[in-house]
Amino acid sequence: MTHSEWRGEAAQDWIDEFQAAVDVHESTKWRLGDLMVQAEYLAEEHSQAFPGCETWMHKLRQYKECAELWPEPTRNDKVSWRHHWILRHHPKKEEWIEACHENGIESVHALRDLLNR
């Protein structure tokens, strides 16, 4: 996609997707992360594309990183995004995320305690 195409219909499509992502509950973080992955080549324009402050940009970068490290087929929608974030670099992250689901580990504090043992 060229820069001029970004400013046209494709830009509006992306903005519509961004708004839809903001309107969804738990999956919002995944959708925002996926959108940030798609917008990677526009890194220098992120500050112009998104209203808000550095705090929001930090959150969006986290969503993007987590979306990159957890491709859609590996995500478990029965476990929070925060669990995925905590486990994102763990060498057995898929096993841990499944264990969280199977064992009802809903608290991220409990997850952190288990990881620190």
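Me: What is the mean pLDDT of the chain?

Reply: This is a predicted model, in which local features need pLDDT of at least 70 and side-chain atom pairs count only at pLDDT 80 or more, while totals for chains, interfaces and linings use all residues. Residues are numbered from 1 along each chain as its sequence is written, and side-chain values use heavy atoms, with hydrogens and water left out. The mean pLDDT (the predictor's confidence in each residue, from 0 to 100) is 81, and 77% of the residues reach 70 or more.

Me: And which element has the lowest mean pLDDT?

Reply: That is helix 1 (residues 3–7), with a mean of 55, whereas helix 7 has the highest, 96; helices here are DSSP runs of H or I with at least four residues, numbered from the N terminus. Where pLDDT is low, the predicted coordinates should not be read in detail.

Me: Changing topic, how many salt bridges are there in the whole structure?

Reply: The search finds four, a salt bridge being a side-chain nitrogen of Lys or Arg within 4 Å of a carboxyl oxygen of Asp or Glu. One of them joins arginine 31 to glutamate 17, with 3.0 Å from N to O. Arginine 31 belongs to helix 3 (residues 27–38) and glutamate 17 to helix 2 (residues 9–22), so this pair ties together parts that are 14 residues apart in sequence.

Me: Which residue forms a salt bridge with aspartate 34?

Reply: Its partner is arginine 75, and the closest N and O atoms are 2.8 Å apart. The pair links distant parts of the chain, 41 residues apart, since aspartate 34 sits in helix 3 and arginine 75 in the loop between helix 5 (54–69) and helix 6 (81–87).

Me: Is arginine 75 buried or exposed?

Reply: Arginine 75 counts as buried at 17% relative accessibility, whereas aspartate 34 is partly exposed at 23%; buried means under 20% relative accessible area, exposed over 50% and partly exposed in between, with a 1.4 Å probe and protein chains only.

Me: What about the core, which residues have the most contacts inside it?

Reply: In the largest nonpolar core, which has 23 residues, those with the most contacts include Phe18, Leu60, Trp70 and Trp81. Such a core is a set of buried Ala, Val, Leu, Ile, Met, Phe, Trp, Tyr and Cys residues joined through side-chain atoms within 4.5 Å. Among the elements giving two or more residues to this core are helix 2, helix 3 and helix 5.
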